[in-house]
Amino acid sequence: MNTKKKIYLIDGSAYIYRAYHAVRGLSNSQGLPTNAVFGFTNMLIKLIKEKSPEYLMIFFDVKGPTFRHKMYGEYKANRPPMPEDLSIQIPHIKNIVSAFNLPSMEKQGYEADDLIGTVAKKAEDKGFSVIMVTGDKDFKQLVTKNIIIWDPMKDKVIDIDAIKAEFGLGPEKMIDIMGLMGDKADNIPGVPGIGPKTAASLITTFGILEQLYENIDTVTKKKQRENLINFKTQAFLSKDLVTIKTDIPLLFDQNDFLFKGFDNEKLSSLFKELEFKRLEQALPRKTDYSKKNYHLVQDKNTFLNLLERLKRAKLICLDTETTTEDQMKAGLVGISISIKE
């Protein structure tokens with residue numbers, strides 16, 4: 001049983017786009033598109049409800065070029081600008097993050113991937129079990145025995161065994177495979193004619209990209225060998241482009257990642273504005289106990305007095321407060337008892 005402290009690192013930028021495409025045609029009565037905000041909010045609720053995180057952080061990209069654009073001017077050049085109906089939702093998404101009291105991070109010149117990669121390694125070094133909350137395939141290169149991927153939208157976990165089952169190779173070989181095959185989504189060229197299966201086969205045979213080129217004459221397929229030779233520089237550039245940085249100069253203080261619970265009033269106000277009625281109604285309500293006769297039992301004498309009253313009671317009502325509604329994972333927080341209506 002894994003008793004390590006868990007930390008959840010959320011790929012916020014990726015989930016903004018995934019939420020936008022997953023939920024369509026949603027807006028409030030004022031005409032404000034809300035589909036991305038709604039999908040994003042539900043992802044956060046699923047995480048908090050199912051995982052009861054103690055430590056977490058959400059990461060975002062920032063506008064402007066990154067170090068990868070300096071390496072390759074055409075990096076992500078094929079991507080269209082953010083749709084207008086999505087861009088106007090970004091401030092509302094950031095407000096949701098603030099109301100959830102989620103620690104967040106973004107840094108000029110770096111992508112959210114690199115921030116997550118750096119924090120994941122620092123957290124692993126500090127003895128944490130790391131869960132990267134993302135659906136981005138690039139993060140497979142970071143998976144170790146202490147770092148895994150969880151995709152809440154697909155409810156899918158990716159660990160070392162899952163990667164080996166898919167590629168026949170471990171996570172440490174992913175950057176070599178991706179360097180050969182490239183990535184159309186990010187306009188990373190790779191080597192023409194080499195897809196995932198061929199790339200995995202070549203790396204299985206030769207180990208790493210450098211050894212492949214040291215033994216290039218042993219590649220038997222003529223056209224494949226010619227492409228590898230002609231696009232050698234492109235292959236190594238692609239490998240550098242797909243490699244997630246894990247050495248950004250960042251301080252790691254676990255207290256910065258503590259999740260202290262959401263702000264009920266802020267969320268309620270935002271849900272009303274966005275007209276998320278179901279979500280607004282589902283928020284737990286604060287109860288005014290000032291006119292009620294409640295007693296907190298936190299010492300032995302009070303507890304013994306309570307036991308005597310319970311022995312004399314004809315009817316007892318008991319309720320529990322737990323860390324989650326999943327009875328197989330729940331931890332007990334407290335017990336409430338009443339002998340009167």
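Reader: How far apart are the N and O atoms where the side chains of Lys46 and Glu50 meet?
Author: This is a predicted model. In it, the side chains of Lys46 and Glu50 form a salt bridge. Its N to O distance is 2.9 Å.

Reader: Which helix holds Lys46 and Glu50, and what separates them there?
Author: Both residues belong to helix α2, which covers residues 35-51. They are 4 residues apart, so the separation in helix α2 is about one helical turn.

Reader: Is Glu50 buried, partly exposed or exposed?
Author: Buried means under 20% relative accessible area, and exposed means over 50%. Lys46 has 22%, so Lys46 is partly exposed. Glu50 has 34%, so Glu50 is also partly exposed.

Reader: How many salt bridges does the structure hold?
Author: Side chains of opposite charge can pair when their charged atoms come close. The structure's count of salt bridges is 14.

Reader: How many residues apart in sequence are the parts that Asp114 and Arg68 tie together?
Author: Asp114 and Arg68 form a salt bridge, with their closest N and O atoms 2.8 Å apart. Asp114 sits in helix α6 (residues 112-125) and Arg68 in helix α3 (residues 67-71). The pair therefore ties together parts whose separation in sequence is 46 residues.

Reader: Is Arg68 buried or exposed?
Author: The cut-off for buried is under 20% relative accessible area. Asp114 is at 0%, so Asp114 counts as buried. Arg68 is at 3%, so Arg68 counts as buried.

Reader: Which residues are linked with Arg68 in a network of salt bridges?
Author: Arg68 pairs with Asp114. The network also takes in a lysine and a glutamate. Linked with Arg68 are Asp114, Lys76 and Glu111.

Reader: What is phi of Lys76 near?
Author: Lys76 lies in the loop between α3 and α4. Most residues other than glycine have a negative phi. Lys76 is not a glycine, yet its phi is positive, near 60 degrees.

Reader: Where is Asn101, which has a positive phi although it is not a glycine?
Author: Phi of Asn101 is about 60 degrees. At 35% relative accessible area, Asn101 is partly exposed. Its place is the loop between α5 (90-99) and β3 (104-105).

Reader: How many residues apart are Asp186 and Arg79?
Author: Asp186 and Arg79 form a salt bridge, their closest N and O atoms being 2.5 Å apart. Asp186 is in the loop between α8 (174-181) and α9 (196-206), and Arg79 is in the loop between α3 and α4 (84-87). Asp186 is buried at 7% relative accessibility, whereas Arg79 is partly exposed at 44%. The pair links distant parts of the chain, with a separation in residues of 107.

Reader: Which side chain makes a polar contact with the side chain of Lys140?
Author: Lys140 is in the loop between β4 (129-133) and β5 (147-151). At 10% relative accessibility, Lys140 counts as buried. Its contacts beyond four places in sequence include Ile149, Phe167 and Met174. The polar contact, at 2.8 Å, is with the side chain of Glu166.

Reader: Which strand gives the most to the nonpolar patch?
Author: Ile316, Leu318, Leu332, Ile335, Ile337 and Ile339 make a nonpolar surface patch of about 550 Å². Among them, Leu318 lies in strand β7 (residues 317-322) and counts as exposed, at 55% relative accessibility. The most, 3 residues, comes from residues 332-338, strand β8.

How values were computed. Residues are numbered from 1 along each chain as its sequence is written. This is a predicted model: local features need pLDDT of at least 70, side-chain atom pairs count only at pLDDT 80 or more; totals for chains, interfaces and linings use all residues. Side-chain values use heavy atoms; hydrogens and water are left out. Helices (H or I, at least four residues) and strands (E, at least two) are DSSP runs, numbered from the N terminus. Buried means under 20% relative accessible area, exposed over 50%, partly exposed in between (1.4 Å probe, protein chains only). A polar contact is a pair of N or O atoms within 3.5 Å; within protein, one must be able to donate a hydrogen and the other to accept it, and residues adjacent in sequence count only if both atoms are side-chain atoms. Contact means heavy atoms within 4.5 Å. Patches are made of residues with over 30% relative accessible area and no salt bridge: like charges are joined within 9 Å, nonpolar side chains (Val, Leu, Ile, Met, Phe, Trp, Tyr) within 5 Å. Accessible areas come from the Shrake-Rupley method with a 1.4 Å probe; for residues, only the protein chains shown count as cover. A salt bridge is a side-chain nitrogen of Lys or Arg within 4 Å of a carboxyl oxygen of Asp or Glu.
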